[in-house]
Amino acid sequence: ASRLPHPTQRESMLRSCAARTARRSCGAAVGQRRMMSSGTVTVQLDKPYETFKLESEPPMTAEVTRDELLGYYSLMYRMRRMEISADTLYKAKHVKGFCHLYDGQEAICVGMEAGATWGDSVITSYRDHAWQLSRGDTVKGVLCELLGKQGGCAKGMGGSMHMYKADANFYGGNGIVGSQAPLGAGIAFAHKFAGDGCCSFALYGDGAANQGQLFEALNMAALLQLPLVYVCENNQYGMGTSKKRSSANDDYYTRGGYVPGIKCDGMNVLSVRECTKFLKKHAVEVGPIVVEFDTYRYHGHSMSDPGITYRNRDEVSQVRAARDPVDRAKRYCIDTELVTEAEIKEIDKEVKAEVAAAVEAAKAAPPPEQSELWTDVHVGQSKDFFMRGPDISTSSGVYGTNR
């Protein structure tokens, strides 16, 4: 079965976020709550789903507890602060190479994690920092990798685009546009072969939605009825090109043709959660399905893109004011009367301190040892494996040793 008899690591992490905050919140405020942490409220979702070749759809209501709301908000706010810090570090030239930020899209990551388990696999594009965090890494660990320091998931040698956490079924972080689509289908094949009741979520942006490899892999997934969910994170722009200028059909959830699809509000963590439960059930029991999460990125495509040459500041400001996913999660906390504003402020204070400490720790961390340049190049390589350097005197291993 996909869900273990004991809480999964992912569920434990979400609960620990909530529990830590509750312990450090104002005791009087907690004591005056109308519902205890075990209480459940029903939330009416406000944006309907759109479906393609489906006879059913996810519910328009979501059952949610105080602990869940605290966990969702805390993790989303932590992601937001982490990405803001990554922006600052990049501008201060602490981050080398490409850097693609996820702020504005946090509800997709957190909502999907809430509707799935760590038994389910995730593979995504190079906009991957938040996924590394959601699969169990720390803010410090993510920032160490960004800064090319020891303590990162790839020992500081992968950087922004190559986050990875195999022990939590997170397979990157892929630097080639659309390359994760066929890999995600392969992971789905592994799930079906293992018969573990889990599925593969392969995420890509609207900018990759016209890639041929995506459709080739989807065809094979349909033939083999693989437990695959293609997740199009439609943030409205592929680099600097709007979806209307790049796609003859920008209803991406219909692009599977012979594969059913659904469109969901990607700025609402509860909508994403309920949709993800539906997606997983369909993938495991029936076969592949395509979902389009309607979302928006606040930064440019990458840090080298100012993000205002093909759109204006007013557009970004209007989306922030009307649809911000972190603010939506906060409003759910307050409007359900499960969480007080004082508790929200305590979360904000705690997260800001945590991220600030992680920034300083990452900046102070040492770079990789020079010897690490020669490790993990080949599978099962011995210490004597010969690799020639740019100068023969800088080579590694014993000349003539090829394994």
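Trainee: What makes α7 (180-194) and α8 (212-224) part of the nonpolar patch?

Mentor: Each helix supplies at least two residues of the patch. Helices here are DSSP runs (H or I, at least four residues), numbered from the N terminus. This is a predicted model, where local features need pLDDT of at least 70 and side-chain atom pairs count only at pLDDT 80 or more, while totals for chains, interfaces and linings use all residues. Residues are numbered from 1 along each chain, and side-chain values use heavy atoms, with hydrogens and water left out.

Trainee: Which residues form the nonpolar patch on the surface?

Mentor: Phe189, Phe193, Leu223 and Leu224, with about 490 Å² of accessible area together.

Trainee: Why is Leu224 called partly exposed?

Mentor: Buried means under 20% relative accessible area, exposed over 50%, partly exposed in between (1.4 Å probe, protein chains only). Leu224, in helix α8, has 43%, so it is partly exposed. His378, in the segment after α13 (341-364), is partly exposed too, at 42%.

Trainee: And why is α4 oblique to α10?

Mentor: Helix α4 (residues 106-115) and helix α10 (residues 269-285) pack at about 45°, with axes 7 Å apart. Under 35 degrees is roughly parallel, over 145 roughly antiparallel, 65 to 115 roughly perpendicular and the rest oblique, so α4 is oblique to α10.

Trainee: How do you know that α4 is largely enclosed by the rest of the structure?

Mentor: Because 10 of the 10 residues of α4 are buried, including Ile108 and Met112.

Terms used. Patch = residues over 30% accessible without salt bridge, like charges linked within 9 Å, V, L, I, M, F, W, Y side chains within 5 Å. Areas by Shrake-Rupley, 256 points an atom, 1.4 Å probe, with all protein chains shown as cover. Salt bridge = Lys/Arg side-chain N within 4 Å of Asp/Glu carboxyl O. Axes fitted to C-alpha atoms, helices over the stretch in contact; angles between N-to-C directions.
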